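Take a moment with the sequence and the picture, then read on.

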Amino acid sequence: MEATTKMTQCDIVLWHLQNVGTLTRAQAMFEHGIVELPARIVELKKLGYNITSEKGHSTNRFGKIHFNIYKLED
């Protein structure tokens with residue numbers, strides 16, 4: 001992609017899924033500045049991309065937290 005071409009948030013999410021593999025809401029926010037990842041996932045699904053999610057969990061200072069991990073399927 002040319003340096004002068006501006007990528008949309010959907011382009012960035014799709015690039016990440018294709019090149020990194022998985023994406024969480026926290027990653028999208030901190031790495032790409034995308035706050036509403038679930039909305040971008042819905043938009044990509046409407047365009048025909050097969051994106052699945054699985055539940056992840058971790059622990060922070062408040063206890064156990066749950067989140068979605070998104071993946072682009074073949």
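**Strands and how they pair**

In strand β3, the bridge partner of Leu23 is Tyr70. This is a predicted model, in which local features need pLDDT of at least 70 and side-chain atom pairs count only at pLDDT 80 or more, while totals for chains, interfaces and linings use all residues. Residues are numbered from 1 along each chain as its sequence is written, and side-chain values use heavy atoms, with hydrogens and water left out.

- Strand β1 (residues 22-24) and β3 run antiparallel and are joined by three bridges. Two strands are said to pair if DSSP finds at least two bridges between them.
- Strand β2 (residues 51-60) also pairs with β3 (residues 63-72) in the antiparallel sense, over ten bridges.
- Two residues lie between β2 and β3, and the two strands form a hairpin.
- To trace this pairing on the picture, look for Gly56, whose bridge partner in β3 is Phe67, and for Ile51, whose partner in β3 is Leu72.

**The overall layout**

- The protein has three helices and three strands. Here helices (H or I, at least four residues) and strands (E, at least two) are DSSP runs, numbered from the N terminus.
- Along the principal axes, the C-alpha atoms fill a box of roughly 45 × 25 × 20 Å.
- Of the contacts between residues at least 6 apart in sequence, 40% join residues at least 24 apart; contact means heavy atoms within 4.5 Å.

**The nonpolar core**

- Which residues make up the largest nonpolar core? There are twelve in all: Cys10, Val13, Leu14, Leu17, Leu23, Ala28, Ile34, Leu37, Ile41, Leu44, Ile51 and Tyr70.
- Helices α1 (9-19) and α3 (37-46) each supply at least two residues of this core, and α1 gives the largest share, with four residues.
- A nonpolar core is a set of buried Ala, Val, Leu, Ile, Met, Phe, Trp, Tyr and Cys residues joined through side-chain atoms within 4.5 Å.
- In soluble globular proteins, nonpolar side chains tend to be buried together.
- Leu37 is in contact with Val13, Leu23, Thr24, Arg25, Ala28 and Tyr70, leaving aside its neighbours within four places in sequence.

**Two residues to look up**

- Not counting residues up to four places away in sequence, Cys10 touches Arg40, Glu43 and Leu44.
- Cys10 and Val42 are 32 residues apart along the chain, yet their C-alpha atoms are separated by 9.8 Å.
- Glu36 sits in the loop between α2 (25-32) and α3, and Glu36 is partly exposed because its relative accessible area is 41%.
- From Glu36 to Thr5 is 31 residues in sequence and 22 Å in space, C-alpha to C-alpha.

**Surface**

- Buried residues make up 23% of the 74 residues in the protein.
- The protein exposes about 5500 Å², and carbon and sulfur atoms supply 53% of that area. Accessible areas come from the Shrake-Rupley method with a 1.4 Å probe, and for residues only the protein chains shown count as cover.

Conventions:
Buried < 20%, exposed > 50% of the residue type's maximum accessible area, 1.4 Å probe, protein only.
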